[in-house]
Amino acid sequence: MARKSSSLKTSVVTVAAWTIGFLIFFPILWIIILSFKTEGDAIKAPLEVLTSGWTLHSYAEVQERSNYALHFWNSVVLSVGSTLLALVIAVPAAWAMAFVPGKRTKDLLMWMLSTKMMPAVGVLVPMYLLFRDLGLLDSRAGLTVVLTLINLPIVIWMLYTYFKEIPGEILEAARMDGATLRSEILYILTPMAVPGIASTMLLNIILAWNEAFWTLQLTTKAAAPLTQFIASYSSPEGLFYAKLSAASTMAIAPILILGWFSQKQLVRGLTFGAVK
Amino acid sequence: MATEHSRTAARLMVSPAVILLFLWMIVPLGMTIYFSFLRYNLLMPGMESWTGFDNYYYFLVQPAFGAALLNTLLLVGGVLLITVVGGILLALLLDQPFKGQGIVRVMVIAPFFVMPTVSALVWKNMFMNPVNGMFAHLAKTLGLQPFDFLSQAPLASIILIVAWSWLPFATLILLTALQSLDREQMEAAEMDGASWMNRFIYLTLPHLTRSITVVVLIQTIFLLSVFAEILVTTNGGPGTASTNLPYLVYQQSLLNYDVGGGSAGGIVAVILANIVAFFLMRMIGKNLES
Amino acid sequence: MTMTYRAMLGATVALTLASAALAETTITVATVNNGDMIRMQGLMDDFNAKHPDIKVEWVTLEENILRQKVTTDIATKGGQFDVMTIGTYEAPIWGKQGWLVSLNDLPAEYDVDDLLPAIRGGLTVDGNLVAAPFYGESSMVMYRTDLMEKAGLTMPEAPTWAFIKDAAAKMTDKDAEIYGICLRGKAGWGENMAFLTAMSNSFGAKWFDADWKPQFDQQPWKDTLNFYLDLMTNYGPPGASNNGFNENLALFQQGKCGMWIDATVAASFVTNPKESTVADKVGFALAPDNGLGKRGNWLWAWNLGIPAGSQKVDAAKAFVAWATSKEYLALVAEKEGWANVPPGTRTSLYENPEYQKVPFAKMTLDSINAADPTKPTVDPVPYVGVQFVAIPEFQGLGTMVGQLFSAALAGSSTADDALAQAQAAVTTEMTRAGYIK
């Protein structure tokens, strides 16, 4: 009896979970489908869309019009570069805050988070002037620094919560054995923190990849990432659903695939220390 | 345990981050404060003049300001409500054993990876468009009049779009928390005849408090500055029905090219965001203490 | 760690390089993502053959983002672009600031006198041509000949608003998803306000009187807005308050609009059988009037200008001259057919017998000639511009008023409220900007 009801429950759960999962995923699936249609078919009713012919035409057109490879590479360099730079700055800071907490550590952390609340649009003109004077407009270096600073608070916070969960006794034992600060971080702390660092890194890459204000404003061509690639397809004259879908698919596919493959890693660190 | 030596080392290690963030905050902020006291239109260079608090006055008295303030709160509140409640329900569901867990989890997590501009474009054109959108086609199939989402319910539509992007984030954090729930305790409670509802209220929910706090905190930071979704879908309209503070600042500084007014708006937004952050910390900060 | 090192190294190198000039002959062209501009990118072989030493790099963006980016860049002298695509609104304002390189010294074979006078006049500041027109447009009525016939009506060449309303009522068949009229409703100075400001001219309305006092509290604006709202609520498509040029184009191409009053450049899209389901059933007429001496059509051109800070003025000029030349028009005609030639810039194009065969050629020229940016309204006004007011503040004002009117269209406020709010808000801004003493 119990077994039967539990198997019934499992099937209900299975159906419910699949339905909801499918609905949440559906918009993405739909872009992918539309990207393989002609412009004329892409605006038809859903059933007609599904039964119409398939074509690679939109991809060919997007490929011909835009330098996808350049935008893609810029996105990779910017998101990975800014993430690594952020980690280099954040790991020592988070370590210090987690293991040598002062009276003001919490306040410091909150202050760092509050720097994220400045509306970017309000400071565009000052930033543009600054970048012009430093010769950083349309340079990957400048944008990398901006993306690093934007995400630094989140990175520090994630690492901090992660480091806090590492038991202090282990470090003390190591110190007894005469480990220096450097070797303490390098050989004991880092290996224990690798999962946390990995998921921090992943989250940060996603955030940097999807950042759509500064990447659009401070670049023109040489450093322009995929956000600008999308901006040239967003609302042209005439029918554009299929081309927009193809461009969108090309812009989100890399990060989607990365996310899927590494979702276990990502999930482990997304706890922000909230799970005890 | 913390010796004088390690304290010095700790300060050294924190300082790069602090200095960089301080510069990042103070340089643009300082320039913005300076501009906010100038009459400065980007299209009329060389005409800058000192105006005192004029820019602040005009920013605050415009009717759009009140609307933007309310919309900002509604947007943050609405998305938080949907993602937290939806996230808990979804996490409870995904926590059950069922076939194809891995694939379903992959599908649920996917919207988080989609750029805000792309998701807004897709929802606006392929789904909410009252003529060619999926919803319009469905309504027509059912013999109904297509609903015009972005002009009849602009803010609600934007909340929906933003919530779609953030639901995976909330779900994942809550799901991770659920998985660390003490199974034995749950089973014991079940043996004692506690109803599902009671188990949820007295065991599950308290266990999730910290995670919910984290979700609320992180999302609030990002939601206060929602901008791309509005720019792409409604341009803040009709009227000011979907204008939030960042969008209002954008209008002032990049549509009107009124850098002075935009800067004043930016400063107002920073102050308000910090007030929100302060209260948020007061209210939920203690949940984060271990 | 090697990656970090490389990123750092890359950063240093980029820093060093950024200060040095790029290769002499690479010019960066910022452009809008419309069909004519995209087509030009496909025809660059011809330019490259003529100027092998100049390499053109494109930055193609959606209109609003483009406008905001180039304006930020030119106003802060960021120097990111060598050629910018700008509208007739920007050209006189920027020209007056001295931000654009004068094009008076283009070679004789460019034949500057061949440019249409109405368009050229709008691009000339203090005797200097500050930008070269790539294509020009006015607005006109596009209508479905089959539906018009079915309704038992004949479209006159120069219809009145009363006729348009009558026709819209008779063509509308909401069950069959046919809407008598499609007009812009999306908020923006270049969206619904372009249409409404042009329309208001034919109703005898104006933005400002001689003392720069806003006129939204006057009867002509009330008539304009009420007429527009009446048309759109009764005979317009659903969701009209979010419809701009693109949305209406898509609707018309799918056969869902009886009439559409919009840019003349749309004619080549709606008559293109590859994209349009109604390509062979489209007729054209002048924008409507009310018998007051002004028609409700606008005048617009996309132009190529060279920012004053550019280090590569000569190469940029060579490109601008090529892109806006007679030869370029002939090149497009040869490769893509006469219907796809960028319209509205040169007299010689309209004198070409081949081009006169294009169904919308004459109507486009007549519409352009019917618009006079220097005398846009029935009563005299202190400003220039048909569907805009050529002052720097207008973008902000137009967008603000556009939002109010689009709210009225969406039904979230009334015409009277929208006009009263517009009057109050514009008065505040104009006082603040020092126009109203």
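## Exercises on a predicted three-chain model

β6(C) pairs with strand β9 (residues 282-286) of chain C in the antiparallel sense, through five bridges; strands here are DSSP runs of E with at least two residues, helices are DSSP runs of H or I with at least four residues, and both are numbered from the N terminus. Two strands count as paired if DSSP finds at least two bridges between them.

The model is predicted, and local features therefore need pLDDT of at least 70, side-chain atom pairs count only at pLDDT 80 or more, and totals for chains, interfaces and linings use all residues. Residues are numbered from 1 along each chain as its sequence is written, while chains are lettered from A and ligands numbered from 1 in the order in which they are written.

### Exercise 1. Strand pairing in chain C

Task: Determine which strands pair with β6(C), and in which sense.

Solution. 

Step 1. Strand β10 (residues 299-305) of chain C is antiparallel to β6(C), with six bridges. Within this pairing, E137(C) has W300(C) as its bridge partner.

Step 2. Strand β6 covers residues 132-144 of chain C and is joined to β8(C) by five bridges, again in the antiparallel sense. Here M140(C) faces D262(C).

Step 3. β8(C) also pairs with strand β7 (residues 179-182) of chain C, in parallel and over three bridges. Y179(C) is found opposite C257(C) in that pair.

### Exercise 2. Domains of chain C

Task: Describe how chain C is divided and what links its domains.

Solution. 

Step 1. Domain 1 consists of 14-130 + 300-356 and domain 2 of 139-298 + 376-432; these bounds come from an automatic or database domain assignment.

Step 2. The centres of the two domains of chain C, taken over C-alpha atoms, are 29 Å apart.

Step 3. Eight residues of domain 1 of chain C touch nine residues of domain 2 of chain C, where contact requires C-beta atoms, placed from the backbone, within 7 Å.

Step 4. The side of domain 1 of chain C that touches domain 2 of chain C holds six nonpolar, two polar and no charged residues. In this classification Ala, Val, Leu, Ile, Met, Phe, Trp, Tyr, Cys and Pro are nonpolar, Asp, Glu, Lys and Arg are charged, and the others, Gly among them, are polar.

### Exercise 3. Chain dimensions

Task: State the secondary structure and extent of each chain.

Solution. 

Step 1. Chain A has 14 helices and zero strands. Its radius of gyration is 24 Å, whereas a compact globule of 276 residues would have one near 19 Å; the quantity is taken over C-alpha atoms, and the globule rule is 2.2 Å times the number of residues to the power 0.38. The C-alpha atoms of chain A fill a box of roughly 75 × 70 × 30 Å along the principal axes.

Step 2. Chain B has 13 helices and two strands, and its C-alpha box is roughly 75 × 75 × 30 Å along the principal axes.

Step 3. Chain C has 19 helices and ten strands. With a radius of gyration of 23 Å, close to the 22 Å given by the globule rule for 437 residues, chain C is as compact as a globular protein of that length.

Conventions
Two residues are in contact if their C-beta atoms, placed from the backbone, lie within 7 Å.
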